[in-house]
Amino acid sequence: MKTDLTTREDVSKLVHQFYTKVRKNEEIGYFFNETIQDWNEHLEKLIDFWETNLLFKRNYKGNPKLAHQRVDKDFDQSIEQKHFGVWLNLWFETVDDYFEGDLADRAKNNARNMASHIFMQIYMNRKTDS
C-alpha cells in the first residue's frame, strides 16, 4: 500500500530512487554523472531541497537556478527542453511508484513548475552570455 510523503525518510526514499533512474538514463544521465563528484553529498542536498519544498522544513541552502546555468554552460549550452521532459517523466514515475496523496501530487506539480522555470532561466541566461 502506498502512503503520502510525510517525513524526511519518505523524501530520502524518493530522491534516492529517482536519482538511481536518472543516473542510468541515456538521455540525461551524463549531465549528472559528469557533473556530480560526490553523490552522497549531492543527494543530501537534494533531500534538503525537497524536504524544504514539500514539508516546509528550512534545510536547503543553495541556488538551483545558478547551478543549472553552470551545468548548461559546462555542456556548451546543450540542455534542451526535452531533457527536462525526461527528468519530469522519471520524477512522476518514481513518485507514482512509491507514493500517493496530496504531498505526492504537490511533488509532481512543484517539479513541473520548477522544470519550466529553470529551463527558462537557462535560456534567458544564454542570451546574456552571448
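A residue counts as buried under 20% relative accessible area, as exposed over 50%, and as partly exposed in between, with a 1.4 Å probe and protein chains only. By that rule E51, at 7% relative accessibility, is buried. This is a predicted model, in which local features need pLDDT of at least 70 and side-chain atom pairs count only at pLDDT 80 or more, while totals for chains, interfaces and linings use all residues. Residues are numbered from 1 along each chain as its sequence is written, and side-chain values use heavy atoms, with hydrogens and water left out.

**Helix α5**

- Helices are DSSP runs of H or I with at least four residues, numbered from the N terminus.
- Helix α5 covers residues 81-98, which is 18 residues.
- From first C-alpha to last, α5 reaches 26 Å, close to the 26 Å expected at 1.5 Å a residue. The expected span is 1.5 Å times one less than the number of residues.
- Buried positions in α5 are H83, F84, V86, W87, L88, L90, W91, T94 and V95.
- H83 sits in helix α5. H83 counts as buried because its relative accessible area is 9%.
- Contact means heavy atoms within 4.5 Å. Not counting residues up to four places away in sequence, H83 touches E27, I28, Y30, F31 and S78.

**Largest pocket**

- A pocket is found on a 1 Å grid over the protein atoms alone, as an open set of points with protein on both sides within 12 Å along at least five of seven lines. Its lining residues have an atom within 4 Å of a point.
- The largest pocket holds about 870 Å³ of space. Volume here is the space filled by probe spheres set on the points, with grid points joined across faces, edges and corners.
- Its lining has 31 residues, and F32, H42, A67, H68 and V71 lie nearest the centre.
- The elements giving two or more residues to this lining are α2 (29-33), α3 (39-55), α4 (64-74), α5 and α6 (102-129).
- By class, the lining has 19 nonpolar, 7 polar and 5 charged residues. Nonpolar means Ala, Val, Leu, Ile, Met, Phe, Trp, Tyr, Cys and Pro; charged means Asp, Glu, Lys and Arg; the others, Gly among them, are polar.

**Salt bridges**

- A salt bridge places a side-chain nitrogen of Lys or Arg within 4 Å of a carboxyl oxygen of Asp or Glu. The structure holds 8 of them.
- E44 pairs with R8, with the closest N and O atoms 3.0 Å apart. The pair links distant parts of the chain: E44 is in helix α3, R8 is in helix α1 (residues 8-24), and 36 residues separate them.
- E44 is partly exposed, at 40% relative accessible area. R8 is partly exposed too, at 25%.
- D48 and R8 also form a salt bridge, 2.9 Å from N to O. D48 lies in helix α3 and R8 in helix α1, so this pair ties together parts 40 residues apart in sequence.
- D105 forms a salt bridge with K108, with the closest N and O atoms 4.0 Å apart. These two residues of helix α6 are separated by about one helical turn, because they are 3 residues apart.
- An α-helix has 3.6 residues a turn, so residues three or four places apart point the same way.
- D105 is partly exposed, at 39% relative accessibility, whereas K108 is buried, with a relative accessible area of 14%.
- Salt bridges that share partners join R8, E44, D48 and E51 into one network.

- E51 lies in helix α3.
- Leaving aside neighbours within four places in sequence, E51 is in contact with R8, V11, F56, K57 and N59.

- E80 is in the loop between α4 and α5. E80 is partly exposed, with a relative accessible area of 41%.
- The C-alpha atoms of E80 and F119 are separated by 7.7 Å, and the two residues are 39 residues apart along the chain.
- E100 is in the loop between α5 and α6. At 46% relative accessibility, E100 is partly exposed.
- E100 touches K2, T3 and D4, not counting residues up to four places away in sequence.
- E100 and N63 are 37 residues apart in sequence and 29 Å apart in space, C-alpha to C-alpha.

Key
1 Å grid on protein atoms, 1.4 Å probe; cavity = no way out; pocket = protein on both sides within 12 Å on 5 of 7 lines; lining within 4 Å.
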